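User: I have a model to go through. Tell me what each term rests on before you use it.
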Amino acid sequence: MKSSRWQEFKAGMGPRTKEWKFMLSRLRKSPLSIAGMSIIIFYAVLALLAPLLAPPNPSWALYPSFDPFHIPRESMAPVPASPSANHPFGTTEGQYDLYYGIMWGTITAFRVGLWVVGASLIIGLAIGIVAGYYGGVIDELMMRFTDVIFAFPGLILAMALVAALGASLDNVMLALVLVGWPGYTRLIRGEVLRVKQEDYVEASKAAGASDLRVILRHIIPNAIYPVVIAASLDTGAIVLSAAGLSFLGLGAGPDYADWGQLIARSQNWIFGTRTDPFAHWHTFVLPGVFIFIFVLGWNLLGDAFRDILDPTLRRR
Amino acid sequence: MGLRTYIIRRLILLVPTLIGATLLIFAVTQLFDPVARATLYITNVQQFTPENVASIIEKYGLNDPAYLQFGRWFSQVLQGNLGFSRTARQPVFQALIDRFPATAEIVIITAPIIILLGIWLGVKSAVHHDKLVDHVTRTLSIVGWSLPSFWLSIILISIFYVGLGLFPTGRLSQVAQTFVLTDPSFIRYTKLNIVDGILNGQLWISVDALRHLVLPVTVLTTIQIALIVRIMRSSMLEALNKGYIVAARAKGLTSKEVVNKHARKNALIPTITLSGLMVAGMLNGVVITETVYGINGIGLFAANSALSLDIAAVLGFTLFAGIIFVVSNLIVDIMYAYLDPRIRLG
């Protein structure tokens, strides 16, 4: 019994697995997507190893209020110190260790990106599927509501929301979710409207399947892929927005391991010293390089996916 | 459906969106206590005193249920009163009007560069599909799209201002600034320094203003251009595979003629729809670039007021940006419908 159901499942998945295999083979052939994938894997390794690569001082870890995301510092002297054996990336304004901040900042970047994308996606999917499947008044109301969010440039609305909620990294994430979900709602709604008209959905309904069963068994599996891929590849853009808000002073606190915050901190030191205009280059160059490459990785992958998914361009 | 009917229908559809947008802004104001919200109803600096705040809370019933307050607030907004900015010490609407020319100057220069350069690169990329030009253009536009604008701004300041002393920050140099503001013979017709310099016959003002614009315009162009390049490239690729292109080639036209006369014109239409997104991108972008470059436009004003919890200013700016965005989207849609009659039928 079990094996025959498995056979049935496998047969049903046939075209879908073929599609995935086709996509993966295209991805493997595209040098840009390989570059993107390698970059993201590199950062994932950094994030996982951050506690080993930049271990917090064990004596501080004894304090009950200890939080490894707060960057340690040895003094309060304002002027940044250049890279040295003790501080491989040097220190930034206020003697915060840049190496420590950047390493733990990798975790922050993944956390912000994945949380915001995940939460926006779940909200977007739930609302979009209901709106697309049932249509009518619910659909109309939901779409008018997304119109309202779309009436504002995203970063500006997010900035206003953070200003109202209070400056903190959590509120930056919340604001980005509030601004971000309508995009996924629209996307999945379009997909649901398309799938809803397919014969197999009609057949399933005619056979007496409940709405829930139709949605779970037929609508979601056939509508979800483009949305999930679009969402996961938005991670880079989300991290950029969050870093921008942190840069403006609306995000993570002054000692928090966050790339945007580290660059904000370097602003006073762009002008170097009288003798050397680039004396404090490390304070802004290093954290920026880490944000840039991270976002580049996601965007390279996203671009490759877009080409592969675009039915007018593929198979050429 | 004619174009006029289409425009009228779009205008009617705009009303609920705009009401919804103000409703959203109003909902955000409700996160604040009545004392902070009182600044939303102040119209001039004389009213801005602690004693007055109590009377404003009383007068506008700021402790009433929200739906009662919305009507009063909305009628204020309709009269153009967006409240009073604590940081600028002037009404928000006036503050935005005063700072708008600085922002407009950046946008007016950046937009055509992005559009023309983006279209050119997109066409080049498509015509040489999968050749070196295509790969280089695509890679560069992804790189630009991935750069944090604030970081690129800082790097450019470090190299071109601090290092080479070429392009300064700010909007005008000290000398030019003093001249523009105090010289009685200099008339500020448009408040756009480049234009005013030409109109007054003081070309050095225009040159000075342009020098200050080089870096912010470079940043915005680098970051926003990918959008246009990408869509232009893919719609051009699509156009080049259409039947009429094959026919034109078969007729014996050179590939230059085919590209310029037949493919590009049709490929331009989808690109136009993206101009609306570009407006949003630039509004987002000026908040960051103006902050880094110290240009006193509406973006810097918004960033500063967000930091100092000047809610009337932040929300006023947000509404202002929203209206610019909605109106530019409307214009884009109308242009699209005009160029592509199929849209009107839908």
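Analyst: Helices (H or I, at least four residues) and strands (E, at least two) are DSSP runs, numbered from the N terminus. By that rule chain A comes to 11 helices and zero strands. This is a predicted model: local features need pLDDT of at least 70, side-chain atom pairs count only at pLDDT 80 or more, and totals for chains, interfaces and linings use all residues. Residues are numbered from 1 along each chain as its sequence is written, while chains are lettered from A and ligands numbered from 1 in the order in which they are written.

User: How do you know that the length of α3(A) fits a helix?
Analyst: The expected span is 1.5 Å times one less than the number of residues. Helix α3 of chain A covers residues 98–134, 37 residues, and therefore should span 54 Å; its end C-alpha atoms are 52 Å apart, which agrees.

User: What makes Gly105(A) a bend?
Analyst: A bend is the angle between axes fitted to the seven residues ending at a residue and the seven starting there. At Gly105(A), α3(A) bends by about 25°. Just after α3(A), Gly135(A) has a positive phi of about 65°.

User: What makes up the contact between chain A and chain B?
Analyst: Two residues are in contact if their C-beta atoms, placed from the backbone, lie within 7 Å. On that basis, 42 residues come from chain A and 42 residues from chain B. On the side of chain A that touches chain B, α5(A) gives the most, with 10 residues.
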